[in-house]
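I'd like to walk you through one model, so let me put it on the screen.

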Amino acid sequence: MKDHNFYGTFIEVAEDCTVTAAEIPKAKGDSKTVPLLQYELIANHPYRYTQEDVLFEVHAIRGGIPEEQRGAAREVFFSKGQPCLRTSSLGKRYGWGIHHDDSGRVALYPVESEEYRAFLNDSSVKKVKAMRSSRA
C-alpha cells in the first residue's frame, strides 16, 4: 500500500482563506461534518495520528464501519486515491495550519498564532499551501 502521509511538512492556510483567526467547524444539525471530525481528531490528540489515520477514521465514523471491520476497510479505502489534508476545509476555510512531524503525525495551529508564524520561518520544515476554494 502506498504511503499517503507527509513528513516534516507544514500545510499553510489557502491563499483565498477568508478568516484572520482560526475557527472551530460546526456540526450541521445532529451530524458532525467532515471538518469537525477532522478537527476533533487532530486537536484532541496532537501528534497522535497520521494523515492516513485521520482520513480513514473520519471515513469509518461517517460510514458506521464497526471496529472489527476497520482493518480490511482501511485497505479498501486506500486502494483508491484519496485527497490529502491539503484539501481539508480546516486549511481552506477555517484558518488552521496543519503540521506533519518527522514521523508523519499531525497537529493543528491557528493562523493567528506565534507557532504558525514560527513554522513559516523555519527553513527545515517543508511548506505547502492548502488548496484554494475557488479557481484563480
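Predicted model: local features only at pLDDT ≥ 70, side-chain atom pairs only at ≥ 80, totals over all residues.

Let's begin with the helix itself. H2 covers residues 51-63, and at 1.5 Å a residue its 13 residues should span 18 Å; the end C-alpha atoms are 18 Å apart, so the two agree. Just after H2 comes Gly64, with a positive phi of about 65°.

Now, which residues of H2 are buried? They are Gln51, Glu52, Asp53, Val54, Leu55, Phe56, Val58 and Ala60. These buried residues pack against helices H1 (34-44) and H3 (70-79), and against strands S2 (96-100) and S3 (106-110).

On to the core. The largest nonpolar core holds 28 residues, and Ile11, Ile42, Val54, Leu85, Trp96 and Leu108 have the most contacts inside it. Two or more residues come from each of H1, H2, H3, S2 and S3, with H2 giving the most, 5 residues. Take Ile42 as an example: leaving out residues up to four places away in sequence, Ile42 touches Val54, Leu85, Leu90, Val106, Ala107 and Leu108. Another core, of 10 residues, lies apart from the largest one and includes Val13, Cys17, Ala107 and Tyr109.

The largest pocket has a volume of about 160 Å³. Its lining has 13 residues, and Val34, Gln38, Leu55, Phe77 and Pro83 lie nearest the centre. Which element gives the most to that lining? H2 again, with 4 residues. By type, the lining splits into 7 nonpolar, 5 polar and 1 charged.

Thanks, and I'm happy to take questions.

Technical notes. Residues numbered from 1 in each chain as written. Heavy atoms only, no water. Expected span 1.5 Å × (residues − 1). Buried < 20%, exposed > 50% of the residue type's maximum accessible area, 1.4 Å probe, protein only. Contact = heavy atoms within 4.5 Å. Core = buried A, V, L, I, M, F, W, Y, C linked by side-chain atoms within 4.5 Å. 1 Å grid on protein atoms, 1.4 Å probe; cavity = no way out; pocket = protein on both sides within 12 Å on 5 of 7 lines; lining within 4 Å. Points joined across faces, edges and corners; volume = space filled by probe spheres on them. Nonpolar A, V, L, I, M, F, W, Y, C, P; charged D, E, K, R; others polar.
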